[in-house]
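Subject: the structure for you to look at

Hi,

Here is the structure I promised you.

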Amino acid sequence: MFTLKQLEAIYWVATLGGFEAASSYLNLAQSTVSKRVGELERHFPEPLFDRSGRQAVLTAKGEDVRDLAQQFLRLNDQLVAAAKKASAPPIRFRLGTTDLVALSWLPQLITTVLRRYPDIDIEPEIDVTSVLFERLNERKIDFAICPRVFQHPQFVSVPTGDVELAWMASPDLLCPDSPVPTEKLLKYPLLTQSPKSIMWPVLQSVIDNPKLPFARKTSCNSIEALAEMAAAGLGIVILPRAFFGRKISEGRLRVFETEIPLPRLTYHINYRSDYHAGFYSEVADLCQMVANFSGTHEQLLFVQPVDAGLR
């Protein structure tokens, strides 16, 4: 009487808040999703969606059907896992990371996943942590690597490594042989990440402290751009130390000590526990295996090629 495809359609339309979002997630035409929901609705004496507004909203009966559909889909996932294996992968793997991971060990992670699952489609997204969390919560990505923990029962969070932060500047701007006194430090322009970045709350006591009135502040949402601006002598900056080892060894940037201590930044893997949890757990293990926050930018970017393509 009912099909899994129909149950899948109503569940994702309800979960993602609309037919367009569900069709994108399921990689189907919107007309196909609408048809499957319509076929399902015809079996009930009352509508499952209230379509009087701009968006389709579940009725009370629709909520009951959505909950039952979810139970059927989870049972189906369990059957698939039992027939194959617990870590059976999805067709698409939508992976979100911050730029620090993307420009360091993300290529190695993708290489490793493709070697193990050559038929999977990997879709990386690079953004700031706050946006990644929104997209993970809205099911627009499946997996996020960022310096923050998603504290919700439906999510699993696993620490994957610490990043050491350091004060840096061009040797032409600042070339001290001893810790720089705070009074002298405040005379320089400060280059910072934008308020949406995870670095902002971590370093708020420094970069947004009225007791530390720097000569000028310039914000940017790219650590690579901040490093280049600092190397050009436009100001002082707080950056991951090892990540910019090449610029330091070339003499374009110099690490200096101050009277202001800096915290370490801990990265976490976050993924949903309700679908493909076995696969995501395996990818989390691979992340911990390849994660490298201690090499230089250029060293971390080198990976061996694979035959499988990145979709």
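Below is what came out of it, from the whole chain down to single residues.

First, some ground rules. This is a predicted model, so local features need pLDDT of at least 70, side-chain atom pairs count only at pLDDT 80 or more, and totals for chains, interfaces and linings use all residues. Residues are numbered from 1 along each chain as its sequence is written, and side-chain values use heavy atoms, with hydrogens and water left out.

**The whole chain**

There are 14 helices and 11 strands in the chain. Helices (H or I, at least four residues) and strands (E, at least two) are DSSP runs, numbered from the N terminus. Taken along the principal axes, the C-alpha atoms fill a box of roughly 80 × 45 × 30 Å. Of the 311 residues, 46% count as buried. Buried means under 20% relative accessible area, exposed means over 50%, and partly exposed is in between, with a 1.4 Å probe and protein chains only. If you take contacts (heavy atoms within 4.5 Å) between residues at least 6 apart in sequence, 74% of them join residues at least 24 apart.

The predictor's confidence in each residue is the pLDDT, from 0 to 100. The chain averages 83, and 90% of the residues score at least 70. Where pLDDT is low, the predicted coordinates should not be read in detail.

**Two cores**

A nonpolar core is a set of buried Ala, Val, Leu, Ile, Met, Phe, Trp, Tyr and Cys residues joined through side-chain atoms within 4.5 Å. The largest one here has 65 residues, and those with the most contacts inside it are Phe93, Leu109, Phe143, Ile145, Trp167, Ile236 and Leu239. A second, separate core has 20 residues, including Tyr11, Ala22, Leu26 and Val65.

Leu109 also turns up in helix 6 (residues 106-116), where Leu106, Leu109, Ile110, Thr111, Thr112, Val113 and Leu114 are buried. What covers them? The cover for the buried residues of helix 6 includes strand 3 (92-97), helix 5 (99-102), strand 4 (121-126), strand 5 (143-146) and helix 13 (277-290).

**A pair of crossing helices**

Helix 1 (residues 4-16) and helix 3 (residues 30-41) have axes that come within 8 Å and cross at roughly 105°. The axes are lines fitted to C-alpha atoms, for helices over the stretch in contact, and angles run from 0 to 180 degrees between N-to-C directions. The two helices are therefore roughly perpendicular to each other; that label covers 65 to 115 degrees, while under 35 is roughly parallel, over 145 roughly antiparallel and the rest oblique. Helix 1 makes the contact with Lys5, Gln6, Leu7, Ala9, Ile10 and Val13, and helix 3 with Val33, Arg36, Val37, Glu39 and Leu40.

**Some single residues**

Most residues other than glycine have a negative phi. Asn27, however, has a phi near 60°. Asn27 sits in the loop between helix 2 (19-26) and helix 3 and counts as exposed at 60% relative accessibility. Arg139 has a positive phi too, about 65°. Arg139 lies in the loop between helix 7 (129-137) and strand 5, and is buried, with a relative accessible area of 7%.

Arg254 is part of strand 10 and is partly exposed at 27% relative accessibility. Leaving out residues up to four places away in sequence, Arg254 touches Trp167, Met168, Ala169, Pro171, Cys175, Pro176 and Asp177.

Leu203, in the loop between helix 9 (199-202) and helix 10 (204-207), is buried at 3% relative accessibility. With the neighbours up to four places away again not counted, Leu203 touches Leu165, Asp208, Ile238, Leu262 and Pro263.

Lys184 is partly exposed, at 39% relative accessibility. How far from Val57 is Lys184 in space? The two are 60 Å apart, C-alpha to C-alpha, and 127 residues apart in sequence.

Cheers
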